[in-house]
Every structure is written in structure tokens, then in C-alpha cells.
Amino acid sequence: MTNTNSKRAAIVDFLSHFWAYIFVAMVIVLFAIFFKLGQQDQASITSLDSNIVDSNLINYLKTPIIVTTGHPKEKISVGEYIVSYYSQDQSTVSSESKTQFQATMRQQTEAILNSRLPNIKWKLFLPSIDSTLPFTLAGESGTGDTSTVGVVKGIGQSCVTLPLQNSDQALVKLVIINDALPASTVLTHIKGTIYKEYSC
Amino acid sequence: MLRTNKKGGFIFEPIVALGLVVVLVYAFIVVTNKQAMFNERIGEKQLKLIDAYYQGEKHLIYTDYAAKLSAMQALYDLALYGGEIEEKCGNYFGYTLWSDQNKPIGACFPTYKDNFAAMFEEHLNSHFTTHEETSVGYTFDIKNSLDVIGMPDSGIDFKIGNVNIREVAISDFIVAPTLNQQPQDKKPILTPSPQTPLSSSCPLVSAPRPSGVKVDRIVLHHTGDDAASKTCRALQQFGLSVHYIIDRDGTIVYAVDEGKMAFHAKGQNSKSIGIEIVNTGRASMQYTPAQYAAIKQLINDIAKRWPDVKVDNEHVVAHYQVSDIGKWDPSPNFDWAQIGLGSHQTLASLGKKAPTEYGYA
């Protein structure tokens, strides 16, 4: 009878604390749910990053620039300038022309993108104009303070394919990097997707 | 405690407790596993729609530039050699004839605009061939000032998510050929450097090969006379051309650079290399062993330089195979087995006949 009574007392004791146990469990589950939703929001922000980069690259290509190499000076879009240059047979382009193209692109690209993306670290790549590298760095963010966290939370990239006169194509790639990311993450990304593959 | 004294109340609470525990365990499993709580994340569909918009913008940029480049190249071609390279009304020393008084109006290209339109479409399609996502087909109109107005035949489909498909219309393009760019003479895919010994030459008309077209075949002809020198003069007189002429003694006469287009087979010129074999075509004239040897050597040599040209029945063809206007060359006496293509389609196997006035039954 004693055993029976102690078992019964234990059950009664458990039941008297039952709602407390339920409350603790519910708190744990709610925390887990909030954590999960937080992760999903982060994923949405990453998608938004890609759209921001797309938008910037498209606007960049449509931006009119004045090219001084022609006679007289002519106003064309950045995209047209790129198509015009890469449509030439690169083996016949003089080193002076290559240098001039690089200088013009760097000046124009940095003027356009730095004004649109202040305080954000970016790099813009074009197909190689010499055979030693798989790509040409057409411009990058200034050396000023790029550590401020901007709208981009991670690493965003966007590519546009442009047609060339000889039915070939040129790939233009814009990469935006949040400087707040660990250096190792950025380095791995850049080495993996740009330096080796140069594709989107 | 009062209820615990009752049998029903004592059973009720453990059941409720057990039920709640089951619910909590299920919720915990759902949350901790990778199983999605909702089909889509918050705002995901909106982001995908925005993404589809940008993809459409990128395709539009490609189409716009491709149209500008095509317009420029078509104008350049028009100025360089009269326009459309696949001569439909013949040519005059390599320059395209737009119309032919002997043919009904509309059979060829009555105006420069028609000619421009044909070339423009060809160049535009070559750009779309290399960028298939944008290849939706365009209907275009050319206004008085050579403005090209294009309308897409359909939209481009973008897959949004795993199951939903949305169509984003690609807007029309209006192109005035104002792109600041020097059109190019089209470059050959390879720099031809014939290894076959060439003993003489016969300069004939040629034109740049159109961009984006691969050379993938050799077309054989017979000349209709008995000496390469006569063939050369005749071709020069009529404004026609081939790349090589094989004389009766096996001499290979060089005429046109392989990287350029010769005018020898309607509809095939841009993608082929033409070889004339000296033979009158009469039933009484056989092809010589020296000619067979020279042809075999030459086509093997060409195949080494042009990766899409193979020495087989599909890539070494007769003019009668690729023409639908009564061509019958090379004549039935040509023995394909002598150049290693014994199972080649003959004139008879295609239901065609050589002319009886040449001595054929």
C-alpha cells in the first residue's frame, strides 16, 4: 500500500506541475520558430542583393559616355563602347589602343559606379584583352572607406552577355562585396568564381 | 485533487498531457529539420518576379546590340558587293544582282531594301544562334530612312520557382544604324594554307564569308570543257568562281582563297569549298586517274584545315545533290569509289538524269 501511495503521489505531483512543463516547452519551440524565420529573411536579403547588382550593371551599360578617341568626340553608351572595342580583331589592335581603352574604361567605370555605389566594395570585369589573364579588371571601388555596411549583405554578382560583330560574345561581370565579411570568405569566393572560371 | 478521486478525471489529464507532448514533439521536428514551414519564403515570389524582369532586360540589351551590329554589317555588305551573297538573281563579277529582267518581279530582290532585309535577318539570326535564350524570332519592317523596327514573334519564358511559369514580353527594337563602329570584313575561321602543291593559279571573284557560318562541306563540279585554262576564262567571263580546278593531268589550279567565299553552288557558297573537275561531261569522256588522285589528295588536305569538313558522303557532295534546278555535275562517269566514297549518292539514285544530248541514255 505504501508503494501504491507513493506512486500515486508522484503522479499527482507531476500533474500539478504539468502546465509549467508545457510552458517551458512552448517557449523553446517558439524560439526555434523565430530562429528559423530569421534564417529565411537572410536568404531573402541575399536574393535582393542579386537584384541590386543586376540593376546596377544594366544601368551602367546604358549610361552614356563621351569617347574622345573618335573624331569628333562621340557620345555612346558604355555597352556600345565595349561592343565596339571587342568586335575588333584583338590580334590587330595596337598596344596603344589597348592602353587607351583600359584607361578610358577605368575612368568612366569608376566615375559611374562610385557615384551609384558609394561606400560599397565592387569590381567590374571584362573579357581579357591580352592572353595572360582570363579577364580584364575594368574598374574597382576607390581606396576610400569601403568598410561601411551598405545595402548589400553578402557577395552579389551579375553578368550580361553582349554580342560582337564576328558573332562572338563578351561577358561583362559586376561583383559587389560586403567588406564586413571575413576576408577568407571573400578571397575564396573571388578565387573560385572569378579568377578561375570567370563566368556567372 | 477532488477530480483525481474520480476515475474519469484521473484519466483525462494524462491524455491531455500526452497529446500536448505529441504536438510539441511534432512542432520541434518540423522546426529543426530542413523541411520548409511554408512553400515559399516571405517575399520570395516578389523577388523572383523582379529577377525575371532583370533577366528580360539583359536579353533586351543583347537583342538591341545584335540588331545594331546586324544593321551595320548589312549596310557594309550592301556597299561592298551589292548585298545578299546567296545570289538569287545571279551576280555580275561578284556583285549581287538585285533583279533580273528575265524573271518575274518579286522573284529576286526588287529593291535595295529587300536585299538589306535579307542580309539583316541573316546576320541577326547568326547572333541569336550563339545566344539561344534570346532566339524568339522577330518580324521587322524597314522604314524609309533604313530604320529597322522589329517586333518579337513571342515572349521569352522565364521559370519562376519550380513550377510557375511567367512570360515576360520582350519589347520591340528600333534600330537606326548609328552605332559608332567600323564594320569588319568577315574573317575566315582558319587561315588557309594549302599543303597541296599548286602549279598554277586562276584569279576569280570572291567575297568575304558571312559571319557565324561554318565551312562544313566540299562541293564537286565538272567544268563542261576539256582544259583548266578554258574553264578559268569561262568563269572569269561569267563572274563565277570555285576555289580549285583539277585539270586533266591532275594539276590543281588555285583560284580563290579558302577563307573567302566563291560563287559556284546556289545556297551552298557561304559554307562550302568548290572544286571544278575538268571534264566535258559527255558520256565519252572519262575522268583520269591523275584527277582522282589529285581530288583525293586535295579533299584530305582541306579536311585537315577545316574541322567541320569530313571526308565522307555527307561532307563531300556533288553539285547535283545540293541543287534543285537541274544540275547534274559531276557527270555520271565520275567514280566516287576512286576517291574512297564508293557508297555515294549517284545522279540516278536521286531520280535525276544526265542530258541525252551528252550521250546518255
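Me: Before we start, what kind of model is it, and how are things numbered?
Reply: It's a predicted model, where local features need pLDDT of at least 70, side-chain atom pairs count only at pLDDT 80 or more, and totals for chains, interfaces and linings use all residues. Residues are numbered from 1 along each chain as its sequence is written, while chains are lettered from A and ligands numbered from 1 in the order in which they are written.

Me: OK, how many helices and strands in chain A?
Reply: Chain A has five helices and six strands, where helices (H or I, at least four residues) and strands (E, at least two) are DSSP runs numbered from the N terminus. Starting at the N terminus, the order is α-α-β-β-α-α-β-β-β-β-α.

Me: What share of chain A is buried?
Reply: 26% of its 200 residues. Buried means 20 or more other C-beta atoms within 10 Å of the residue's own, exposed means 12 or fewer, and partly exposed is in between, with C-beta atoms placed from the backbone.

Me: And helix 3 of chain A, how many of its residues are buried?
Reply: Nine of nine, across residues 78-86. Among them are A:Val78, A:Glu80 and A:Tyr86.

Me: Switching to A:Val53, why does that count as buried?
Reply: Because A:Val53 has 23 C-beta neighbours inside 10 Å. A:Val53 is in helix 2 (residues 18-62) of chain A.

Me: What does A:Val53 touch?
Reply: Leaving out residues up to four places away in sequence, A:Val53 touches A:Gly156, A:Gln157, A:Ser158, A:Leu174 and A:Ile176. Touching, or contact, is C-beta atoms, placed from the backbone, within 7 Å.

Me: Which residues touch the most other members in the largest nonpolar core?
Reply: B:Ile218, B:Tyr244, B:Ile245, B:Ile246, B:Ile275 and B:Ile295, in a core of 45 residues. Helix 5 of chain B gives the largest share, six residues. A nonpolar core here is a set of buried Ala, Val, Leu, Ile, Met, Phe, Trp, Tyr and Cys residues joined through C-beta atoms within 7 Å.

Conventions. Two residues are in contact if their C-beta atoms, placed from the backbone, lie within 7 Å.
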